[in-house]
Amino acid sequence: MLINKRNLKYLCTGLVGIFMQAYVYATLPIQKIDLPSGAKLFYVEARTIPMVNIGIDFPGGFAHDPKDRIGVANFTAQLMNKGSKINGVEKNEAFIADSISELGSMVAFMPGKEMSSVRMKTLSTPEVLNPLISQASDMLAFPIFSKKILEREKAIEISGLLESQTKPEYIMAKQFKKMIYRDNPLGNEQSVNSIKAVSIDDLKKFHQTYYRADQMNVLIIGDVSREQAIEIGTKLTKNLPKTGTPKLSVPPLSPLPVQDVSQREVKIAHPSQQAHIQMGITSPQRKDPDYFPLLVGNYILGGGGFVSRLMNEIREKRGLAYSVSSYFYPAKNSGYFVAGMQTKKDQSDESVKLLKDTIQTYVNQGPNDDEVQAAKSNLINGFPLRIDSNSKLLDNLSAIAWFDLPLNTLDEWTNEVKKVTKDDIHKAFKKNLDINKMVTVVVGGQ
Amino acid sequence: MNQYKTNRLCINLKPIFFCALILLIPNSGYSQKAEFTHETTLDNGLKVIVKEDHRAPTVAHMVWYRTGSIDETMGTTGVAHVLEHMMFKGTKTLGPGEFSKKVAALGGRENAFTNNDYTAYFQQIEKSYLPEMMRLEADRMHNLVLSEEEFKKEIKVVMEERRLRTDDQASGLLYEQFIATAFNSAPNRNPVIGWMEDLKNMTYLDAQNWYKKWYTPSNAILVVVGDVEPKQVFEMAKNTYGKVPKQILEERKIQGEPDQKGVKRFSLKAPAENIVVMMGWKAPKVIDANIDVVDPWALEVLAGVLDGNENTRLNRILVKEKNISTGVNAGADAIGRSEQLFIISSVLAKGKTPAIFETEVKKIIADIAQNGIKPDELKRVKIAVTASQIYKRDSVFGQAMEIGSLEVVGIPWNKIDALTDKIRDVTADQVQAVAKKYLIDDRLTVGVLDPQPIDPQKKLANDRAAASIKH
């Protein structure tokens, strides 16, 4: 509806030619190695800095929790560093925290929706690396789940949850996810009651079931040789169960149906000064052929920082919001698209309409040539910034391993972006972003 | 879940609720040697610092201005940050927003941020586009066009930002009230984003005056880190920034803070669930870049001893053993133009009162003041500092931030190693001494967040329900 012609004009000038300069940047080779434990190792050698980043990802998250005890995956992760048998001796949380500090290392256990993760950062010198790996290996395999600590952590979690429930952004996100995920376990959210119901036995069972070697991706990047990496990966997973029985995959998310406006728009009152607004829809999984057209297309719509259509319409032209953006969240079997902003209460109706109109116009008409060129130019020229540190590379490794993408994904990334055409984007958006299926949540609006 | 990227600014509200030791200690040290880092000053007074890092073909390009919210005066608080926003609104040769479009087309990531002490602008980009970044940034150093029309839209954006970060955030409101209570006259008593009334009354002329007064080469520092050749960068700087005319900078009036004479207390009501308590003591800082002092560094180490890992004193005693807090943080800042505070803050567990918390915190401090700290506690803090010197090299941008944030408050880059040594030299006795000397009531401000229900009716209903269960 409202395309800013003036701005698009200067997009044309200045950009011609830049896109042509896109160069080929060789990434570090990723090696994939099957470990004796059944785990898969993804390794990149990076020798310049005497440090190593290590990650472990495995299926098992909120989506795997029993409906009445959502929080099991979370508390299992939280208690993994609060007591374990190390070298055959029981050690408490104080010992674990201090011994890791004394190595100058970091170890974190993180629960997610579909998977749980471990992340470590350490110096590569053997005096530090060896004891850390030895201790982490025991922590992974032999946690001690103490009832007293579980009760303490539950109380802390509930206090945080109750705090969140007073915040418009939390209320909005919760309602939005409810409408996107419906009864799919990906929408599992902790409640005070579900947290209270979590028991020590739940944690033990979760650990037994999901912390198992054959499901794990071990990610290593840094100052270690291939042999050392294999040794680290082997040590970390050797004491874990090799296999198990349960079904680990989460059922795919069914696409949202066409619904009447009254069914797909929710307004929740809140005394906040700003209304928080989100709208979105289920979208394809990471391996879908529409991934790149949607990526490039979303840059134009709301992903491209200060130069997106949403930013232009809502912030630059009207000063309605500080932050407005859209993104695709691709998961293993499904994903969702979301656009959102916050604005002063009395501007919420106007803003919702603008958000909708901007998205609808874009879906109906697609981008223009200049926008496509600008988007591809940004993504291709900016590619080196996605891989210029070990920690960024670890994130990429994690995604490649988790989504089972080809090992040359990073090398091919800019080519994939290059291939995307204006038509591809238009078709992908028309196919996936049906405005009549899109859900909207406004908290604290008019 | 933080799904909205914050754009064009992160006001540093001090790490109130999420700080870790590693972040509190100036991240310093490793290879600040001359062979990697080079410095020159252009004829117009612009200082240029280039650090080589050839791991990846990218570069971080930053310009830091020695101008922040503490240079503002009452009535126009927030103008430093507003000007930061206006810096994207066009120059004599660029239209509004065109700066960002040019950077985006080259694949760059850009933003800017304002703090008490400084304002900084940056781009991260593939190295071959550095000359264009320098040309663009030099252009807006002296050719900015401030139109009333653009100002009127952008000031609305800034007010939305204030609502988002402060007015609708109990913790943001508490911190704002906290510094405004702790300081009487020091200008960092005003929030970086400015008071809402000042934002409402601000005009484009306020921003223009600010720009004219402070945006000049001799008040700025250019920092470039990445896969670059220093001589080439100096040459490029000469050809771009070198063309910005020299301007004499007005002398700054130092605005100090009178001695405090007793505890200050306040409480603040805001929609929230839990009680939050902040305790802050007036703390010493490094003055005139003289890092050969002990107390500011000893206080940083003390913060690490109190809140370095999950088993340091505050966490162990208040969270794990006594269940008084659900989370607690301690932090100190040795360096800055602004007056400093040593702050301990905490979200309280259900049923625990601010008085219980305050008593326990004071006990923990008294224990250190009387009995000192253990060698192991000291050792862990120092290991964290040492390790952070290695880890920091993984980020080109982080290295540029380190150099810029120190240089802009007068600490030269070649003292970065010495700073780390200063922290490593701190003894257990010195930590004990600063606990005794500074963490005393006469320097203390205590702020309490008194949580209010978001729906008063619901609260009444809940209370009745709770009451009926009891009986």
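How many residues of chain B are in contact with chain A, and how many residues of chain A do they meet? In this predicted model, 59 residues of chain B are in contact with 62 residues of chain A.

Five elements of chain B each supply at least two residues to the side that touches chain A: the helices α3 (98–105), α5 (148–167), α11 (313–321) and α13 (375–391), together with the strand β5 (119–126). The largest share, nine residues, comes from α5(B). By class, this side of chain B divides into 23 charged, 19 nonpolar and 17 polar residues.

I turn next to the domains of chain B. Domain 1 covers 21–243 and domain 2 covers 264–452. Their centres, taken over C-alpha atoms, are separated by 27 Å. To the contact between them, domain 1 of chain B brings 40 residues and domain 2 of chain B brings 51 residues. On the domain 1 side, the elements giving two or more residues include α1 (21–24), β2 (47–52) and α6 (170–182) of chain B. Of these, α6(B) gives the most, with eight residues. That side of domain 1 has 23 nonpolar, 13 polar and four charged residues.

Finally, I come to chain A. As one example, A:V44 has A:I221 in β8(A) as its bridge partner.

Note on methods: Residues numbered from 1 in each chain as written. Chains lettered and ligands numbered in written order. Predicted model: local features only at pLDDT ≥ 70, side-chain atom pairs only at ≥ 80, totals over all residues. Contact = placed C-beta atoms within 7 Å. Helix = DSSP H or I, 4+ residues; strand = E, 2+ residues; numbered from the N terminus. Nonpolar A, V, L, I, M, F, W, Y, C, P; charged D, E, K, R; others polar. Pairing = 2+ DSSP bridges. Domains from an automatic or database assignment.
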